[in-house]
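Here is a short briefing to read alongside the structure. Take a look at the two chains, and then let us walk through a few places worth a visit.

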Amino acid sequence: MNTQAFNDRNVNDSYYMVDIEEYPTDGWGRFKRVIKRTFRGELFVGLWVVLREMLKFNIHTIQYPLEKMPIGPRYRAVHEMKRLWESDAERCIGCGLCEKICISNCIKMDTKIDENSRKEVSEYTINLGRCIFCGYCAEVCPELAITHGGEYENGSEQREHYIDYNGMLTPLEMMTQGKQQEFEGFGAITPHEDARMKKTPLAY
Amino acid sequence: MEVAYLIETVIKVVVILLIFSALAGIGTYFERKILAFMQRRLGPMNVGPYGLLQVAADGIKLFTKEDIIPSGVVAPIFKIAPVITASTAFMAAAAIPFLPQFEIFGYTVHPIVADINIGILYILGIMGVGLYGPLLGGMASANKFSLLSAARGAAVFISYEVVTGLSILAPIMMVGSLSLIDFNEYQLENGWIVFNLYGVGFIAFILFWIAAFAETGRTPFHLIANDHEIIDGFGTEYSGMRWGLFFIGEYANMFFISFVIPLLFLGGYGDGSILGALALLGKVAFFFFFFLWVRAAWPDVRPDQLMWLCWKVLMPIAVVNILLAAIIMI
């Protein structure tokens, strides 16, 4: 098999060799190079650059515990469970997809039929000691119920202590204030979702 | 007279020791701040307003840290080495006139501990002795990196001392004295030595300035404590205040050489007025700042490059410079 197409990394003809001066080989050449480097003032360029930065005083330090960078929406930290905007009820419908897809087997859930004969989640735990924060659960969730949050300041003796189910749920006060943040990461609704919607093919 | 002289000298020694020990500490603060600003960082910010008390925090840490003498080191030499660095740095200050003479309560004060007639020779000699600190400390440490660093220090030492000595010969020939006060008087009459004798003074100034970087072991020639090996060269086995003494010695040396350069070449304190004194302090501040500035801007050179520079470039220039000075003065 001819592998030249794979080995030839020159994707087009715009590559060219950088013009590098030949290294001097004799003493006179080296002497000339020393003289040139000495009087070209390169050292002062370096001095000027750092002085300029000092005078501009454009400081990039973030004093972390006092100041924080905004965390990206796709950051995958400890999970959150969202509530429905309309009724403040839990979004989770107990389908069990997250438990099935979880590749580190850390999600464990139990469901039952409640008095209105609706499926209800009776138990839901995430073993954060095993979780690898891959984001599959958030991607697979059809209701956007389980998502990843942005909270990265966890401290405990064990990772299991970071959060429990009630801690993951959006607090009701936040719902009354309308402050629940929608998730923009894996599996979230993209901006053009309406245009891409098709009718459900029912005629199987 | 003898008792009064003795008391005056002791007071001056104590004042210089206190001021420059404190300045060495504050010097580290300035260094960290200026380096940080040049690298678009903030530097120490948390201890005190704008991190001003960082020096005190470092001092407390250094003083209270356990003083470890590792097994296998040559203990007496290991213990005395930091003291050599710090004490010689301060001993060199004895012949430096820090300010012009002034009157206080009708009593004339000469802000120089001893105006000996071999002033500059004494200063450079004692500063040279200061190299025994890193050298002995590195050799006594029973650590190959310390030993390498000591060997580098010795190599650097014999290179730059030649340049230092030869570069100030031309100014000494002009002045005809080794006392820094005589240097000042000469420059008051004949103008700054930098501009004297058709550029000979300027070349001597540049040579001495370059050698001062090697003398204090600052960045382009920071070869004694080599950053390339990640560890601190001769200071690897040191901890606590013994390491701190090396540090104080280094910074005191920086301040003293920043005094010596303007006194030798840039007119010193001029006519001895308050303005002249402030001008001297301004020049000192510039030279100290330049040490930090260069550290932010330039990379270190290799030991062989430093020796190439000293032996093959600077020393011939210095010798030719002396000859030129002699010919012109005849």
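Which residues in H10(B) meet residues in H11(B)? From H10(B) come Met254(B), Phe255(B), Ser258(B), Phe259(B), Ile261(B) and Pro262(B), and they meet Leu280(B), Lys283(B), Val284(B), Phe287(B), Phe288(B) and Phe291(B) in H11(B). Please keep in mind that this is a predicted model.

**The H10(B) and H11(B) pair**

- The residues of this contact divide into 10 nonpolar, 1 polar and 1 charged.
- H10 of chain B covers residues 240-265 and H11 of chain B covers residues 274-297; the two helices pack at an angle of about 125°, and their axes are 8 Å apart.
- H10(B) and H11(B) are therefore oblique to each other, and their crossing is right-handed.

**Where chain A meets chain B**

- On the chain A side, 13 residues are in contact with 10 residues of chain B. The chain A residues that touch chain B divide into 7 nonpolar, 5 polar and 1 charged.
- H11(B) also takes part in a crossing with chain A: its axis and that of helix H3 of chain A (residues 42-56) come within 9 Å and cross at roughly 100°. That angle makes H3(A) roughly perpendicular to H11(B).
- H3(A) makes this contact through Gly46(A), Leu47(A), Val50(A) and Leu51(A), while H11(B) contributes Trp293(B), Ala296(B) and Ala297(B). These residues divide into 6 nonpolar, 1 polar and no charged.

- H5(B), residues 132-140, has 8 of its 9 residues buried, so it is largely enclosed by the rest of the structure.
- The buried residues of H5(B) are Gly133(B), Pro134(B), Leu135(B), Leu136(B), Gly137(B), Gly138(B), Met139(B) and Ala140(B).
- What do they pack against? In chain B, the partners of the buried H5(B) residues are helix H3 (75-92), helix H6 (144-167) and H10.
- Just after H5(B) comes Ala142(B), which takes a positive phi of about 55°. Most residues other than glycine have a negative phi.

**Val129(B) and helix H4 of chain B**

- Val129(B) belongs to helix H4 of chain B, residues 119-129.
- Gly119(B) is 10 residues from Val129(B) along the chain, and their C-alpha atoms are separated by 15 Å.

**Domains of chain A**

- The domain assignment of chain A gives domain 1 as 27-56 and domain 2 as 79-189.
- Between the C-alpha centres of domain 1 and domain 2 of chain A there are 60 Å.

**Two positive phi values in loops of chain A**

- Ser117(A) is a residue other than glycine with a positive phi, near 50°. Ser117(A) sits in the loop between strand E2 (107-113) and strand E3 (119-126) of chain A.
- Why does Ser117(A) count as exposed? Ser117(A) is exposed because 7 other C-beta atoms lie within 10 Å, and the cut-off for exposed is 12 or fewer.
- Leu144(A), likewise a residue other than glycine, has a positive phi near 55°. The loop that holds Leu144(A) runs between helix H5 (136-140) and strand E4 (146-148) of chain A.
- Leu144(A) counts as partly exposed, with 14 C-beta neighbours inside 10 Å.

Terms used: Residues are numbered from 1 along each chain as its sequence is written. Chains are lettered from A and ligands numbered from 1 in the order in which they are written. This is a predicted model: local features need pLDDT of at least 70, side-chain atom pairs count only at pLDDT 80 or more; totals for chains, interfaces and linings use all residues. Two residues are in contact if their C-beta atoms, placed from the backbone, lie within 7 Å. Ala, Val, Leu, Ile, Met, Phe, Trp, Tyr, Cys and Pro count as nonpolar, Asp, Glu, Lys and Arg as charged, and the others, Gly among them, as polar. Axes are lines fitted to C-alpha atoms, for helices over the stretch in contact, and angles run from 0 to 180 degrees between N-to-C directions. Helices (H or I, at least four residues) and strands (E, at least two) are DSSP runs, numbered from the N terminus. Angles under 35 degrees count as roughly parallel, over 145 as roughly antiparallel, 65 to 115 as roughly perpendicular and the rest as oblique. A crossing is left-handed if the near helix is turned anticlockwise from the far one by less than a right angle, and right-handed if clockwise. Domain bounds come from an automatic or database domain assignment. A residue is buried if 20 or more other C-beta atoms lie within 10 Å of its own, exposed if 12 or fewer, and partly exposed in between; C-beta atoms are placed from the backbone.
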